[in-house]
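Here's a quick look at how two chains meet, and at what sits inside one of them. Have the structure open while you read.

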Amino acid sequence: MAEIRNDRSVLIEALKAWLERLESGGSIDAPPALAELLQSADHAFYRQVAELTRRLHTAVVELRLDERLNRLAGDCIPDARLRLQHVVAMTEAAAHRTLDLVDQMRGVAQHVAATAARLGGTTADPALATALLGDAASLRDKLSELATAQEYQDLTGQIIKRIIALVEEVERALLDLLGAHAGTLKPAAALPIAEGKAELAGPAMPGQASASQQDADALLASLGV
Amino acid sequence: MDKNMRILVVDDFSTMRRIVRNLLGDLGYVNVSEADDGKTAWPMLQTSHFDFVITDWNMPGMTGIELLRTIRADARTAKTPVLMVTAEAQREQIIEAAQAGVNGYIIKPFNAVTLKEKIDKIFQRIGETA
């Protein structure tokens, strides 16, 4: 019984060494120690494990994991990054276009108000001039709200920029991984994805605890601001 | 309140700078300059006098909180009122800003009413203590 357990640990060690060698791109043949073990121990189970290990390696190679990761890191991720940057640029351009139009419309509203004011003194219907002035004022208010609503571009832009940063992080980690796989194996400590430093939370997301303006006012008041 | 006071608006998003400038214009403040982060704003604050600073928090280069601390640390600008307009809505951030000496804190998205309210409050307080 003790002998079998001992055999097992020897086999596990030998298999681990083989797997490590396979992963680092070494020879696919069983190391001599293992081959010897397999011969000496005429055990179907051992042979099955060896066969499974070999098939697993072949499967990984057939999956072309390297190639796929290479394509992801070298092609897909930079493309995703560019697309996200493009979204930020497009919303920025659209928001500015809206603000340009709001500026123009403000001029029109001002002109309407000035004309109505002038009419007020001359027309037989002063109520009409007053109504026009009211319309112009309401137009001006709504245009102001329309301009302010463009702040969505800042908020969505901030969120997308965070995702771009994350995508870049994944890209770097993948390239590190591929570099490690192609060349000498890097120690594990050199590979981890950089820990997010004590970062700001950014724009509030649904379901995330965050302060409203009222909360902020109360908090600031309690701090004497 | 002096409608001619010089105001510096600091935000890395050009859209937001424009929106704040528009809102200030509606309130009658027309003497407005812009900077796209703390690094650009600080030399402007050193070379000429501003009566009021409105700043975002999260910006590349120099953040709004760093700008606020820099403003408070320099005798020439230490008393300049600073209003933070930011998407950061965590309690810790609000407390951090208060401790750094912020005069007001607005969470984005915001509106014209909130902006007017906070500006009025800041200058009312300054008037009381002056």
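This is a predicted model: local features need pLDDT of at least 70, side-chain atom pairs count only at pLDDT 80 or more; totals for chains, interfaces and linings use all residues.

Which of them gives the most?

Sort the side of chain B that touches chain A by class and you get 16 nonpolar, 10 polar and 9 charged residues.

Now for the contact count: 35 residues of chain B are in contact with 38 residues of chain A. Between them, the two chains bury about 3100 Å², and carbon and sulfur atoms give 54% of that area. Looking at what chain B buries against chain A, Phe13(B), Thr15(B) and Arg18(B) supply 21%, more than any other three residues.

## Salt bridges, between chains and within one

Side chains of opposite charge can pair when their charged atoms come close. Over all chains, the structure holds 19 salt bridges, and the rule finds 6 across the interface of chain B and chain A. Take Arg18(B), one of the three residues in that 21% share of the buried area: its salt bridge partner is Asp100(A), and the closest N and O atoms are 2.6 Å apart.

There's also a pair worth a look inside chain B, where Glu34(B) forms a salt bridge with Arg21(B), with 2.7 Å between the closest N and O atoms. Why does this pair tie together separate parts of the chain? Glu34(B) lies in strand S2 (residues 32–35) and Arg21(B) in helix H1, so the bridge links parts that are 13 residues apart in sequence.

## A cavity in chain B

Rolling a probe the size of a water molecule over the atoms shows where empty space is left. Here the count comes to 1 cavity of 30 Å³ or more, and the largest cavity has a volume of about 30 Å³.

Which residues line it? They are Val9(B), Val10(B), Asp11(B), Met16(B), Val20(B), Ile54(B), Thr55(B), Asp56(B) and Val85(B). Strand S1 (7–10), helix H1 (14–26) and strand S3 (52–55) of chain B are the elements giving two or more residues to this lining. By class, the lining has 6 nonpolar, 1 polar and 2 charged residues.

Technical notes
Residues are numbered from 1 along each chain as its sequence is written. Chains are lettered from A and ligands numbered from 1 in the order in which they are written. Side-chain values use heavy atoms; hydrogens and water are left out. On a 1 Å grid over the protein atoms alone, a cavity is a set of points where a 1.4 Å probe fits but cannot get out, and a pocket is an open set with protein on both sides within 12 Å along at least five of seven lines; lining residues have an atom within 4 Å of a point. Grid points are joined across faces, edges and corners, and a volume is the space filled by probe spheres set on the points. Helices (H or I, at least four residues) and strands (E, at least two) are DSSP runs, numbered from the N terminus. Ala, Val, Leu, Ile, Met, Phe, Trp, Tyr, Cys and Pro count as nonpolar, Asp, Glu, Lys and Arg as charged, and the others, Gly among them, as polar. Contact means heavy atoms within 4.5 Å. Buried area is the accessible area (1.4 Å probe) that two parts lose on being put together, summed over both. A salt bridge is a side-chain nitrogen of Lys or Arg within 4 Å of a carboxyl oxygen of Asp or Glu.
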